[in-house]
Amino acid sequence: MTLFEAIILTIITASTPLLIAAIGELVVERSGVLNLGVEGMMVIGAAAGIAAAIATGSSTLGVLVAVLAGMALSLVFAALVLGLAANQVAAGLALAILGLGLSGVIGAPFVGVQRAGIGKIEVPLLSDIPFIGSVLFHQDPFVYASIALVVAVWWFLTKSRAGLVLRAVGENHAAAHALGYPVRRIRLLAILFGGGCAGLAGAYMSLVLTPFWSSGMTAGRGWIALAIVVFASWLPFRAMVGAYLFGALTILQLHAQSAGVPLPSQFLAALPYLITILVLVLIMRARRGGAAGPASLGVPFVPDR
Amino acid sequence: MRLVMEKRTETPISLMLISPLIAVALTMISAAIMFALLGKDPGAALYTYFLDPLSDSWGLQEVAVKATPLVLIAVGLAACYRAKVWNIGAEGQFLFGAMAGGYIAIITHGSTQGPWLLLVMLLVGAMAGAAFALIPAILRTRFGANEILTSLMLVYVAELLLDFLVRGPWRDPAGFNMPNSVVFEPEATLPLLMAGGRLNIGTPIMIALVLGFMLLMGRTLKGFEIRLVGEAPRAARFAGFSEARLIITVFMISGALAGLAGVLEAAGTIKQLQPGLSPGYGFTAIIVAFLGRLNPIGCLFAGIFIAITFIGGENAQIMLRLPLDATRVLQGLLLFFVLACDSLLLYRFRLIRGAAA
């Protein structure tokens with residue numbers, strides 16, 4: 001394996017949690033709900049995932065528990081913003097804070113416990129192709145799942161009737177309600193999907209990427225996932241491009257550090273955050289006057305009878 | 001039978017006062033359940049968390065010391081959130097203010113200056129916080145970039161900058177390679193209010209600012225503008241209030257207060273710069289702002305309450321071996337319950353008998 005191959009491989013693994021979390025949030029936002037608590041759901045997924053995996057000795061169960069934990073936390077959010085029509089920004093922040101705290105409590109007994117990561121799956125024959133084979137067809141199951149997820153979400157949003165209804169709810173919930181669509185039920189399902197995705201992304205971080213638990217290990221990736229959704233203009237395939245760009249940045253930054261670039265390591269570590277800001281600015285400049293996300297995004301909905 | 005929400009035309013004052021108290025009560029009940037699940041005696045844990053910090057002079061002083069930065073930041077954030085401007089990067093503005101104010105203390109270290117030094121430090125800290133908050137504000141008004149994300153990203157940048165400074169150029173040469181700056185000279189630290197304790201003049205400064213902000217929000221045109229833009233943006237536009245100018249104003253106000261809180265913390269409580277300068281004050285202040293109903297006086301009481309949980313959490317960690325993150329859980333739950341109770345203010349819930357329409 002060449003160094004270049006190795007770099008590409010690490011970029012893919014670093015991008016995958018961003019992609020999974022972003023694609024979940026994309027669906028949530030398309031339904032008109034802004035859930036800022038991705039970071040909280042992700043970190044609870046990471047903690048619950050590794051706790052369950054260590055307790056049961058099964059990575060599969062760990063992943064399952066992580067997804068359920070993400071969904072459980074998103075359910076709390078849903079109760080607040082759908083049931084009580086609370087402010088979505090504030091509720092999302094509450095979710096982020098609560099998730100970080102809960103994950104610390106859950107993960108406390110597991111600090112420093114090492115376990116083997118989840119192995120890679122080799123696609124027979126295809127993985128023998130030079131370069132492409134080792135990069136694309138010799139990955140862990142999450143990578144394949146994340147790509148399948150992007151395609152599925154793209155198909156759902158653009159080709160299926162249910163996806164059309166979901167987008168209608170996000171664009172104009174009053175009109176969708178008048179047509180008889182159950183706005184809150186649709187949004188509930190979208191929020192649960194987003195929570196499950198964030199939990200899965202968290203499980204990837206604690207079970208594959210760094211197979212141990214440390215408090216606050218998601219280090220702002222949930223927030224970057226939110227930025228990716230904006231960057232992607234709420235389109236699934238662009239979210240994939242965005243996630244891989246951000247993943248590449250984090251990895252290249254690490255390589256620059258080890259290659260002895262004459263810059264303090266903290267400056268390089270700050271780069272992904274600074275570039276997120278830069279990208280947000282550039283994308284908004286490029287989109288002046290154009291569509292800026294689903295029209296009902298973040299607006300509470302109260303049905304009138 | 002089904003539950004229907006109706007928008008209230010007006011909210012009774014009594015309900016506005018009671019709702020944060022209900023939220024606190026619900027948080028305590030959840031806390032008791034969580035303590036029981038963690039295998040601790042809920043009664044003893046609740047006592048350690050919420051009452052023990054108030055039982056002696058030392059504890060009371062510590063509560064005031066912790067409440068000072070929380071309330072200062074929260075008052076600024078409340079102004080932002082009133083105008084529906086979402087500054088969630090106060091933690092970064094806090095650190096930036098501490099760094100700028102601390103810089104003055106570091107360059108004057110070893111020389112004798114007058115009492116003006118402290119004043120300069122506080123001013124520089126506040127200005128630096130405002131300047132740091134100006135970045136997301138301008139990115140929002142000039143380019144329309146989402147201020148939630150940009151202000152949050154800058155928190156990580158500020159944390160890394162502080163880490164770089166105290167490990168690099170600002171490290172104490174006589175500090176055995178520890179990542180911290182020199183210990184500030186006595187004249188660059190805040191005078192104590194009483195011997196034996198850590199209560200310093202930061203707390204009265206905070207209280208004076210809370211009162212000032214109460215007047216600003218309630219009695220001035222600027223305060224009216226802030227409230228109007230948040231509650232009725234269309235009406236505010238017709239009244240000729242510029243949204244862009246307001247975003248810049250509230251960001252700078254909250255940045256200045258967070259920066260001031262930062263330099264007060266560095267010069268008062270810690271007396272040097274170090275990476276762990278803030279136990280997340282900037283984020284916890286978000287909870288304080290909401291618990292205080294986005295009102296300066298409310299923030300004062302809310303800040304005191306949250307400060308109690310901070311001290312109580314530290315005590316509980318030592319005495320009951322409860323994880324420190326349990327405090328974070330409580331604070332997150334509290335924000336949830338506050339938001340849930342707020343819905344009771346905006347809507348009336350009614351059970352309607354009969355089949356769903």
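Helix axes are lines fitted to C-alpha atoms over the stretch in contact, and angles run from 0 to 180 degrees between N-to-C directions. Helices (H or I, at least four residues) and strands (E, at least two) are DSSP runs, numbered from the N terminus. The model is predicted: local features need pLDDT of at least 70, side-chain atom pairs count only at pLDDT 80 or more, and totals for chains, interfaces and linings use all residues. Residues are numbered from 1 along each chain as its sequence is written, while chains are lettered from A and ligands numbered from 1 in the order in which they are written.

Chain A contains 12 helices and 2 strands. Along the sequence, its pattern is α-α-α-α-β-α-β-α-α-α-α-α-α-α. Of the 305 residues in chain A, 50% are buried. A residue is buried if 20 or more other C-beta atoms lie within 10 Å of its own, exposed if 12 or fewer, and partly exposed in between, with C-beta atoms placed from the backbone. Two residues are in contact if their C-beta atoms, again placed from the backbone, lie within 7 Å. Among contacts in chain A between residues at least 6 apart in sequence, 78% join residues at least 24 apart.

Packing of helices was examined next. In chain B, the axes of helix 3 (residues 57-82) and helix 11 come within 8 Å and cross at roughly 60 degrees. That makes helix 3 of chain B oblique to helix 11 of chain B. Angles under 35 degrees count as roughly parallel, over 145 as roughly antiparallel, 65 to 115 as roughly perpendicular and the rest as oblique. The crossing of these two helices is right-handed. A crossing is left-handed if the near helix is turned anticlockwise from the far one by less than a right angle, and right-handed if clockwise. From helix 3 of chain B, P69(B), L70(B), V71(B), I73(B), A74(B), L77(B), A78(B) and Y81(B) take part. They meet Y281(B), G282(B), T284(B), A285(B), I286(B), V288(B) and A289(B) in helix 11 of chain B. By class, this contact has 13 nonpolar, 2 polar and no charged residues. Ala, Val, Leu, Ile, Met, Phe, Trp, Tyr, Cys and Pro count as nonpolar, Asp, Glu, Lys and Arg as charged, and the others, Gly among them, as polar.

In chain A, helix 1 (residues 3-30) packs on helix 10 (residues 221-231) at an angle of about 55 degrees, with their axes 8 Å apart. The two are therefore oblique to each other. Helix 1 of chain A passes helix 10 of chain A in a right-handed crossing. Residues of helix 1 in this contact include A22(A) and E25(A), and those of helix 10 include R221(A) and I228(A). The contact divides into 10 nonpolar, 1 polar and 3 charged residues.

The two chains also meet. Their contact takes 40 residues from chain B and 39 residues from chain A. On the side of chain B that touches chain A, helix 5 (116-143), helix 6, helix 11 (281-291) and helix 13 (325-346) each supply at least two residues. Helix 13 of chain B gives the largest share, 13 residues. This side of chain B divides into 29 nonpolar, 7 polar and 4 charged residues.

One helix pair spans the chains. The axes of helix 12 (residues 265-286) of chain A and helix 6 (residues 147-167) of chain B come within 9 Å and cross at roughly 160 degrees. That makes helix 12 of chain A roughly antiparallel to helix 6 of chain B. The crossing is left-handed. This contact has 13 nonpolar, 3 polar and 1 charged residues.

A nonpolar core is a set of buried Ala, Val, Leu, Ile, Met, Phe, Trp, Tyr and Cys residues joined through C-beta atoms within 7 Å. The largest such core has 226 residues, of which A22(A), I228(A), I73(B), A74(B), V288(B), A289(B) and L339(B) touch the most other members. Helix 9 (residues 183-209) of chain A supplies the largest share of this core, 16 residues. Leaving aside neighbours within four places in sequence, L339(B) contacts L80(A), A86(A), N87(A), A90(A), A91(A), A94(A) and F290(B).

Two loop residues of chain B have positive phi. N177(B), in the loop between helix 6 and helix 7 (202-219), has phi near 65 degrees and is not a glycine. With 8 C-beta neighbours inside 10 Å, N177(B) counts as exposed. K271(B) has a positive phi of about 70 degrees although it is not a glycine. K271(B) is buried, with 20 other C-beta atoms within 10 Å.
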